[in-house]
Amino acid sequence: MKRFLTALTLSAVVSAGFAQEIPQLGNVLNREKTSLNGAWNYIVDVQEEGYYDYRMNPTPWGFFLNAKPQRPEDLIEYDFDKAPQMQIPSDWNTKDEKLFFYEGTLWFKKSFNYSKKANKRAVLYFGAVNYEAYVYLNGKLLGRHEGGFTPFNYDVTDFIKDGENFLIVKVDNKRKKANVPTQIFDWWNYGGITRDVYIIETDDVYIENYNFVIDKTGKKQIYFSIDLNKNEEGKAVQITFPELKINRTFTSNSDGKISGVLKFKDLTLWSPENPKLYSVILKLDESTLKDEIGFRTIETDGKKLLLNGKQIFLRGISIHEEKTNGGGRANSVEDAKQLLSWAKELGCNFVRLAHYPHNEFMVREAEKEGILVWSEIPVYWTIDWENPATLSNAKNQLKDMINRDKNRANVIIWSIANETPHGQTREKFLSQLSEYAKSLDSTRLISMAMEVTSAANYHNKLQDNMNKYVDVISFNQYIGWYRDVNDAPKMTWEIPYNKPVIISEFGGGAKYGYHGAKNQRWTEEFQENLYQENVAMIDKIDGLAGTTPWILKDFRSPRRVLNDVQDYYNRKGLFSDKGEKKKAFYVMKNWYEKKKQEYDKK
Ligand code: GCB
């Protein structure tokens, strides 16, 4: 028998226990916490039976209740405890072969024991869930989150119990026009709880986030700001940088904020050559929060890019967040180390983390290893420019990306889009994103991957009205792949803006181990020749400040269907998906060695 639902009971169920998502907590990795990673049960729910009744109305009897038959005659057509398990964090596509191409809904359940700590708050944190999540604790809805690559958290102090608890997450990665990214994109739509899940234990009043930045004018001082979770006046926060001999205490204003200046005698700036980080300890009441902070400046001077006041060339590579062997979402320190070690072998001092914010391990590991970062939101190709909900979603993802990584010295560029089609609605949308990014963080550079729109008579002119909204002009070009490689030597370039230029993509595909003539598509020789022609061509571009060729390694994409060659991999990697180096790797490596020598002499 189907159960019918009145409007009254539905609203009662949905609103019962609805907890607001709270502002993102910074520096989660160094907070006191309990991990909820590990085995979770999952149910594949193609028609969202666990959410909608047979009239497509949300049902109060959904899977989030984790119901069990109470009497022999009870009908309950699901049982999490009999459902298979999956290790979290992960993507379902590579964890269950039946789900390789699946895009839709899965329900995840984790039962766990918890002992409530006296006078502590409990904050439930997700590093990322792709794409949409409904989160329920002990049968009560905490909230809905949209966007697959940024963290979110709920205050669950009043929902979590001493003893047995169950957490249920409905995850849906169906493609939709209004989403960010939208329906089409050239990477695998890995679904699931793809990053870590924690319960963070905090005091009632805690440090929500903070920021430390060095003075650009060369004065020996650090500007800082600290946000408390509550608007409490007079809370004292002690800031200690032991190595810099800084130990000061400040008190919050009535908005629960503290800002000020810290003077120091001398410090070593963070740089790729010497990625110096300083320990900082923030103490509020009896709780301490530690971090490692680096200081550097990044600015432009006409077409020059200056790191710590000195001209730099960004020897970069684009990277997708995918594991190095067998694919799947990369989500651990080990994954980050592996990917970055390949970038270092190539001679890189810079990575473009395409096309969405990567996990925090990746950014922190790169910081430790002296690798600069371009971080991006998935405003990619044909976004639904006129939809206000799409804009606010993009803004949220931008805010969450910046809030998570604003203390990382290696992040120098926030990218707000990739290869978007020109037009007024796009300009309105992107200019708002750019202004928003600047309002959140005025210490970094803004860019976006643009395209060359006119290339008559081998003359490439970059014309994009968004030029005034970026600090660095970046563009993608595929001469040799989507256009004849023999055109490369004839090409001239005009970038009519007085700003540094990054070639944010160039490249072409090759299947590792496939050899032949240099005009034979998919051979390593074809790709090698393409790279030779490209580096010779782009070296002549006025104001060139860096490149991030496409891409470090072959990555999965549903758009790449050619059997025996692509097999659902985009083959533009310099490494194969298994980590074998293709011939083009050495072309790029040699060119980067040359560029390094050229800039070391400056
Ligand atoms: C691009 C996109 C990138 C694709 C690449 C390709 O311009 O930005 O996401 O994967 O081209 O391989 O065509």
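Predicted model: local features only at pLDDT ≥ 70, side-chain atom pairs only at ≥ 80, totals over all residues.
A salt bridge is taken here as a side-chain nitrogen of Lys or Arg within 4 Å of a carboxyl oxygen of Asp or Glu. Across the whole structure, 54 salt bridges are found.

One of them joins the side chains of Glu367 and Arg408, at 2.9 Å from N to O. Glu367 belongs to helix α3, whereas Arg408 sits in the loop between α4 (388-405) and β25 (411-418), so the pair ties together parts 41 residues apart in sequence. Both Glu367 and Arg408 are buried.

A second salt bridge pairs Lys109 with Asp81, with an N to O distance of 2.8 Å. Lys109 is part of strand β5 (residues 105-114), and Asp81 lies in the loop between β3 (38-44) and β4 (85-88); the contact therefore links parts 28 residues apart in sequence. Lys109 is buried, at 3% relative accessibility. Asp81 is partly exposed, at 45%.

Arg71 is partly exposed, with a relative accessibility of 48%. Asp74 is likewise partly exposed, at 23%.

Helix α2 spans residues 333-345. Its 13 residues reach 18 Å from the first C-alpha to the last, close to the 18 Å expected at 1.5 Å a residue. Asp335, Ala336, Leu339, Leu340, Trp342 and Ala343 are buried in α2. Viewed down the helix axis, the buried residues fall within an arc of 150 degrees, so they line one face of α2. Their packing partners are β22 (314-319), β23 (350-353), α3 (360-368) and α7 (583-600). Helix α3, which holds Glu367, is thus named among the elements packed against α2. Just after α2, Gly347 adopts a positive phi of about 95 degrees.

Three strands make up an open sheet in the order β12-β13-β16, with antiparallel pairing. Strands β12 (207-214) and β16 (257-263) are at the edges, each with a single partner strand, so one side of each lacks a neighbour in the sheet. From one strand to the next, the twist averages 15 degrees. Strand β13 (residues 221-228) and β16 run antiparallel and are joined by seven bridges. Within this pairing, Asp227 has Lys257 of β16 as its bridge partner.

Conventions
Residues numbered from 1 in each chain as written. Heavy atoms only, no water. Pairing = 2+ DSSP bridges. Helix = DSSP H or I, 4+ residues; strand = E, 2+ residues; numbered from the N terminus. Axes fitted to C-alpha atoms, helices over the stretch in contact; angles between N-to-C directions. Expected span 1.5 Å × (residues − 1). Buried < 20%, exposed > 50% of the residue type's maximum accessible area, 1.4 Å probe, protein only. Arc of directions from axis to C-beta. Contact = heavy atoms within 4.5 Å.
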